[in-house]
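I opened this notebook to record what I looked up in a structure that was new to me. The entries follow the order in which I consulted it.

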Amino acid sequence: SPFYQLSAGIPTALRQLTFPNTNPGQYPAVVAGQEVLSSAPAFEIDRNAGRPARIFQWSLGLQRQITNTLMVEASYVGNRGVWWQAQTSPDNATNPATLAAAGFNLASQADENELAQSIGQWLGKDPRVKLPYPNFPTTATVAQSFKPFPQFTSSLTPLWAPLGKNWYDSLQVKLTKRYSHGLDVQSSFTWQRALDIGAENSYPLGAAFGGGPSAPLNNVFNYSSMKFLSRDDRPLQLVIAPSYTTPKWSGNKYVSAFVHDWRVAAVLRYQSGALIQIPSTTNGLTTLLGVGTYAVRVPGTNPFLVDPNCHCFDPTTQLLLNPAAFTQAPIGQFSPSTPFYNDFRWMRQPSENLSIGRVFGFGKNEHYNLEVRAEFTNILNRHYYSAPSPATANSLNAATTCSAGSATAGSATPCQAGAILTGGYGFVQTAAGAGATPRAGQFVARFRF
């Protein structure tokens, strides 16, 4: 759809500024003849967008046959990747060095207050404060005037910047029991570690293991130091896939005809819980620089009030996370913490599926056959809760609320008897669904001729 038709003339509500005039598009906008700050263009595409990622993968394995039907295999599998699509430094974030060169100290509460106030209040009063261009609106903040592109209020984060990197190392052990006496088993155990810098959806684990965008960067002005645990990291994984075929009976031939050759199979997966992102901080960096940071992890303090794997956690009455495990970052400083810690994980969520079936043959040379099969997912009907959200329940400033009455601050069970939790730091939402579907089964019959 065209933005406008030239046959109707140039719209009077849009024109380019005399200075700065670096944008070939329709920004900034004009309202009633007065220059105003504009939000970002709909898209800002990185100049290197579309560059394919480079991946270097290798493995070294050993196999040993223990018996005629039993084999063990162990492998080291590694991966290094660069040029992945990544979260990167916003183009319109103010570098602290820029403010320091102008004489502002981010560790000073007075300077922070001044930067957050309108530039009109300080023009002519503070020599450090100047208009970035003549018609810059005086209602904008002093911090806005120091942005690389002060005419835009947003961060101008480029799309598809190929700056992501990843590291993957694992020990993978596989046990294979070949078919004998009606039984065969395949089992694999993986001990691994996944790290990245800004990379998104870049691991062999993929979306099936909770893959998704990496956590926001901590200090975008020190990109090379942002090597953290990947959101997809699962240190331990165990998969067992047994299959058993029932034998013939030596007794009654009719009973034997019915019970033999049934195939029972299962796929059982057990793995470490998903990482929980630590809370953000409110030390003013977002207002001053256009980028934020994380809270500071308190050494030696358990980040959980209740063990999510203890089978004793009641999300309607108990808060899960411990706010004392984190503190706000010092004023004007980036946090030394990382977005993820190996001991800060959500509950383990096994996957257990089972199937049973058989093919009945009829006619000469079994020209006709009937296949019947029953398949069950989440066979033990395990119930999982959704992890606390970093955007809401994982905020240190989130107020604890109950369905009735007031909440008791600092208590693991803050609501009065009969009331349930409705919010707070460490609150786990149960009304929006669980992390796994309930037990389900389907029956299939297929006749071939």
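The entries below go from the whole chain to single residues.

**Entry 1: Basis of the values**

I note that this is a predicted model, in which local features need pLDDT of at least 70 and side-chain atom pairs count only at pLDDT 80 or more, while totals for chains, interfaces and linings use all residues. Residues are numbered from 1 along each chain as its sequence is written, and side-chain values use heavy atoms, with hydrogens and water left out.

**Entry 2: The whole protein**

I looked up the secondary structure and found five helices and 16 strands. Helices (H or I, at least four residues) and strands (E, at least two) are DSSP runs, numbered from the N terminus. Of the 449 residues, 38% are buried; buried means under 20% relative accessible area, exposed over 50%, and partly exposed in between (1.4 Å probe, protein chains only). I then turned to contacts, meaning heavy atoms within 4.5 Å. Among contacts between residues at least 6 apart in sequence, 69% join residues at least 24 apart. The accessible surface comes to about 24600 Å², and 57% of that belongs to carbon and sulfur atoms; such areas come from the Shrake-Rupley method with a 1.4 Å probe, with only the protein chains shown counting as cover for residues.

**Entry 3: The nonpolar cores**

I searched for nonpolar cores, that is, sets of buried Ala, Val, Leu, Ile, Met, Phe, Trp, Tyr and Cys residues joined through side-chain atoms within 4.5 Å. The largest has 30 residues, and L99, F104, L115, V142 and L289 touch the most other members. At least two residues each come from α3 (142-145), β6 (183-197), β7 (228-229) and α5 (285-289). The greatest contribution is that of α5, with three residues. Another core, of 18 residues, lies apart from this one and includes L320, W346, Y384 and L396.

Which residues does F104 contact beyond its neighbours within four places in sequence? I found L99, D111, E114, L115, D126, R128, V129, V142 and F146.

I next listed salt bridges (a side-chain nitrogen of Lys or Arg within 4 Å of a carboxyl oxygen of Asp or Glu), and the whole structure holds ten. One joins E114 and R128 at 3.2 Å, N to O. E114 belongs to helix α2 (residues 109-116) and R128 to the loop between α2 and α3, 14 residues apart. R128 also forms a salt bridge with D126, the closest N and O atoms being 2.9 Å apart. E114 is buried at 6% relative accessible area, as is D126 at 10%, whereas R128 is partly exposed at 23%.

A further bridge links R373 and E375 at 2.7 Å, N to O. R373 is partly exposed at 25%, and E375 is partly exposed at 26%. Salt bridges with shared partners join D111, E114, D126 and R128 into one network.

**Entry 4: Strand β8**

I followed strand β8 (residues 236-245), where A241 is found. A241 is partly exposed at 26% and, leaving aside neighbours within four places in sequence, contacts D184, V185, Q186 and A266. The C-alpha atoms of A241 and A266 are 5.5 Å apart, although 25 residues separate the two along the chain.
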